[in-house]
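Please find below a short note for a colleague who is meeting this structure for the first time.

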Amino acid sequence: MSKFGALVMGPAGAGKTTFCNALIQHLRLNKRSCFYVNLDPAAEDFSYEPDLDIKDLISLEDVMEEMGLGPNGGLIYCFEFLLQNLDFLTEALEPLTEEYLIILDLPGQIELYTHIPVVPTLVKHLTRFGSLNVSLCAAYLLESTFVIDRAKFFAGTLSAMSAMIMLEIPHVNILSKMDLVKGSVPKRQLKRFLEPDVSLMEEDNDGQIPRTGKDPASAESVMGGGSFKKLNKAVAQLIDDFSMVSFLQLDVQDEDSVGGILSYIDDAIQFHEAQEPREPNDEIADYGEDGMME
């Protein structure tokens, strides 16, 4: 039996849990079943209580206290411990039918899926090597305010591309918190970020092309940031050479925006193709007070 899921990830502060909440609410309104998995061992406050919480297995606070590790080292330890106890996931997900969308909410430390093979190993267990056979789509969120600082935007885009290459699953890249940039970034300019335009790095943030004949390796250029601009241009060119990354816009306060993102995820995992036709009078499960399917 096929299962379907979305792996929600991105840098800290990108709005991953907020997106998960909006997604759950949208699924509820459309009478679709979902199973919410929290994989952030440091997360505490939830609008919707997770159906499965990694903190029931291991918590970052306990690891930091008992092992004497910092936040990043403790988080890596938590995921390595999870990989040694994958039955924790398998036993909870095994009974789910193909009608459910499994939402996996990951922490914001991007090194988990761009630098070290922790999350890639987890993905392989969920999709290919384990018994679950989950059809997964990664949803990578990047905060839309990054477009104000173009170097930061292309650094975030590079991390998204790195995750795409490392995870080897269908991927949807999302510019979140679009309500924060409405009115401050012209629509024509914004389109150049949705399909990252390498020529953006040829311009200053005000859209003007700087003119300088200085050697970027000179002390004056280094101290003034000229050499870093050359590095940023090289990063942007690398992204353009791969031509893998494009972004969708997300405003969690807009139901149509959330529904549009969900439709891309559904298409990527071929969710609707696996569903059985339903009669109008088919019984639909009731929702509990916490918003989850009973």
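1. The model under discussion is a predicted one. The points that follow should be read with that in mind.

2. On the surface there is a patch of negative charge, formed by Glu 44, Asp 45, Glu 61, Asp 62, Glu 65 and Glu 66. One of these residues, Asp 62, belongs to helix H2, which covers residues 60-67. Asp 62 is partly exposed, its relative accessible area being 40%.

3. How many disulfides does a search of the whole structure find? The search returns zero. For Cys 34, the closest cysteine sulfur is that of Cys 20, at 9.9 Å. A disulfide requires two cysteine sulfur atoms within 2.5 Å, and the Cys 34 sulfur is therefore too far from that of Cys 20 for a bond.

4. Are Cys 34 and Cys 78 buried or exposed? Cys 34 is buried, at 3% relative accessibility. Cys 78 is likewise buried, with a relative accessible area of 0%.

5. Val 181 lies in the loop that runs between strand S6 (171-176) and helix H8 (187-194). Although placed in a loop, Val 181 counts as buried because its relative accessibility is 3%, and the cut-off for burial is under 20%. The C-alpha atom of Val 181 is 8.8 Å from that of Ile 148, a residue 33 positions away along the chain.

How values were computed. Residues are numbered from 1 along each chain as its sequence is written. This is a predicted model: local features need pLDDT of at least 70, side-chain atom pairs count only at pLDDT 80 or more; totals for chains, interfaces and linings use all residues. Side-chain values use heavy atoms; hydrogens and water are left out. Patches are made of residues with over 30% relative accessible area and no salt bridge: like charges are joined within 9 Å, nonpolar side chains (Val, Leu, Ile, Met, Phe, Trp, Tyr) within 5 Å. Accessible areas come from the Shrake-Rupley method with a 1.4 Å probe; for residues, only the protein chains shown count as cover. A salt bridge is a side-chain nitrogen of Lys or Arg within 4 Å of a carboxyl oxygen of Asp or Glu. Lys and Arg count as positive and Asp and Glu as negative; His and the chain ends are not counted. The place of a charge is taken as NZ of Lys, CZ of Arg, CG of Asp or CD of Glu. Helices (H or I, at least four residues) and strands (E, at least two) are DSSP runs, numbered from the N terminus. Buried means under 20% relative accessible area, exposed over 50%, partly exposed in between (1.4 Å probe, protein chains only).
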